[in-house]
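Subject: Structure handover

Hi,

Here is the structure I promised to pass on. Have a look at it first, and then read my notes below.

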Amino acid sequence: MIYTVTLNPSIDYIVEVDDLTLGGLNRMTRDLKLPGGKGINVSRVLNQLEVQNTAIGFLGGFTGRYIKDWLHGEKISSDFVSVADDTRINIKLKAAEETEINGTGPVIRDAEADALLLKLEALQAGDTLVLSGSAPPSLGGDFYSKLIAVCKRKKAEFVIDTTGQALKDALALEPLLVKPNHHELAELFGVTIKTREEIITYGRRLMESGARYVLVSMAGEGALFISDQGVYYASAPSGTVRNSVGAGDSMIAGFVGTLSLTGDVLEAFRTGVASGSATAFSDDLADRALIEQLKPQIEITQV
Ligand SMILES: Nc1ncnc2c1ncn2[C@@H]1O[C@H](COP(=O)(O)OP(=O)(O)OP(=O)(O)O)[C@@H](O)[C@H]1O
Ligand SMILES: [Mg+2]
């Protein structure tokens with residue numbers, strides 16, 4: 001079983017107005033409420049790929065129920081810890097420019113945090129835990145380390161998509177996969193990266209630090225896949241970008257889901273790139289039909 005973890009989910013409230021008047025009354029031309037959160041995105045794309053998974057994390061209040069019902073509607077299994085405070089709402093205001101106002105999210109009490117750790121006791125060898133996004137401050141800086149410790153004790157694999165110290169701490173614990181984008185990779189090493197060779201150099205360091213597989217995504221420029229079996233580049237297919245939020249999460253779903261179904265890393269890489277691009281070319285996340293349509297357009301070359 002694949003478990004995705006979303007510690008600070010959201011309802012993404014997407015609002016469109018024609019001309020935004022600050023300080024005046026504006027009328028929406030369109031609005032949309034979508035479940036948000038990186039682990040939830042991974043779960044939704046895994047589900048498109050017909051890969052069994054369970055979404056876990058923290059949900060609270062009426063906003064939390066909305067997300068739970070949505071996942072249920074998509075037939076995605078979930079097992080969130082109920083928290084006392086409401087799950088946050090993030091506002092994405094689309095006018096001539098796009099303005100985002102993100103909520104901070106609920107304060108997670110100690111007992112609630114412990115309840116999530118307890119859920120991980122169900123992990124078994126062969127399971128994969130996908131940790132995406134940053135932990136809310138109320139959980140302390142080492143919460144991912146605590147989750148990974150349970151995962152290791154249960155002999156399950158983990159994937160981590162986060163930044164900074166939490167990612168550095170996780171590397172030594174041998175993640176199955178890390179997927180920084182090229183900006184995150186540069187930031188992690190405190191360098192500026194200009195060439196593909198430099199991306200490979202720093203990507204390899206993540207592998208040498210403990211990651212089995214490293215994907216470095218480069219948005220419209222495609223992605224690099226680095227493992228002890230070599231380095232591969234995949235171009236991104238061409239298409240019209242509608243909304244690239246969640247492209248990275250989709251890539252993780254495509255990779256991890258396909259790896260679990262086939263054990264074929266290059267097929268997993270191909271599906272990862274197709275899933276990321278399918279999301280970039282959609283209003284919401286990728287759907288299966290578009291992922292399948294894009295897969296043959298992706299050229300993979302050994303570097
Ligand atoms: N503009 C684009 N055109 C085509 N493919 C894209 C585009 N943007 C993203 N993708 C696809 O999605 C993959 C992941 O995208 P990206 O590098 O933007 O991830 P990310 O920055 O981690 O995204 P996020 O964290 O917002 O989910 C890319 O490797 C590519 O395959
Ligand atoms: Mg990302």
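Let me start with Ser238, which is exposed at a relative accessible area of 68%; exposed means over 50%, buried under 20% and partly exposed in between, with a 1.4 Å probe and protein chains only. Ser238 is found in the loop between strand 14 (230–234) and helix 8. Helices (H or I, at least four residues) and strands (E, at least two) are DSSP runs numbered from the N terminus. Leaving aside neighbours within four places in sequence, Ser238 is in contact with Phe281 and Gln297, where contact means heavy atoms within 4.5 Å. Ser238 and Leu294 are 56 residues apart in sequence, yet their C-alpha atoms are 9.0 Å apart in space.

Before going further, some housekeeping. This is a predicted model, where local features need pLDDT of at least 70 and side-chain atom pairs count only at pLDDT 80 or more, while totals for chains, interfaces and linings use all residues. Residues are numbered from 1 along each chain as its sequence is written, chains are lettered from A and ligands numbered from 1 in the order in which they are written, and side-chain values use heavy atoms, with hydrogens and water left out.

Now the ligand. Ligand 1 is surrounded by 22 residues, the closest being Asn181, Ser217, Ala219, Gly248 and Ser277; a residue belongs here if one of its heavy atoms lies within 4 Å. By class, that shell has eleven nonpolar, eight polar and three charged residues. Here Ala, Val, Leu, Ile, Met, Phe, Trp, Tyr, Cys and Pro count as nonpolar, Asp, Glu, Lys and Arg as charged, and the others, Gly among them, as polar. Helix 8 (247–262) and helix 9 (265–280) each supply at least two residues of the shell.

- Lys179 places a polar side-chain atom 3.0 Å from an oxygen atom of ligand 1.
- Val273 has a backbone N or O atom 3.4 Å from an oxygen atom of ligand 1.
- Ser277 has a polar side-chain atom 2.9 Å from a nitrogen atom of ligand 1.

On its own, ligand 1 has 630 Å² of accessible area, and the protein covers 85% of that (Shrake-Rupley method, 1.4 Å probe; for residues, only the protein chains shown count as cover).

Back in helix 8 there is Thr258, buried at 9% relative accessibility. Beyond four places in sequence, Thr258 touches Ala253, Gly263, Glu267, Ala268 and Thr271.

Ser282 lies in the loop between helix 9 and helix 10 (288–294) and is buried, with a relative accessible area of 13%. The Ser282 side chain reaches the backbone oxygen of Ala278 at 2.6 Å.

Last, the aromatics: a search of the whole structure finds seven pairs, with ring centres of Phe, Tyr and Trp (its six-membered ring) within 6.5 Å, and planes under 30 degrees apart counted as stacked, over 60 as edge-to-face and the rest as tilted. Phe58 and Phe143 have ring centres 6.4 Å apart and planes at 40°, so this pair is tilted. The pair links distant parts of the chain, with Phe58 in strand 4 (residues 53–60) and Phe143 in helix 4 (residues 143–153), 85 residues apart. Phe58 is buried at 1% relative accessibility, and Phe143 is buried at 2%.

Cheers

Conventions. A polar contact is a pair of N or O atoms within 3.5 Å; within protein, one must be able to donate a hydrogen and the other to accept it, and residues adjacent in sequence count only if both atoms are side-chain atoms.
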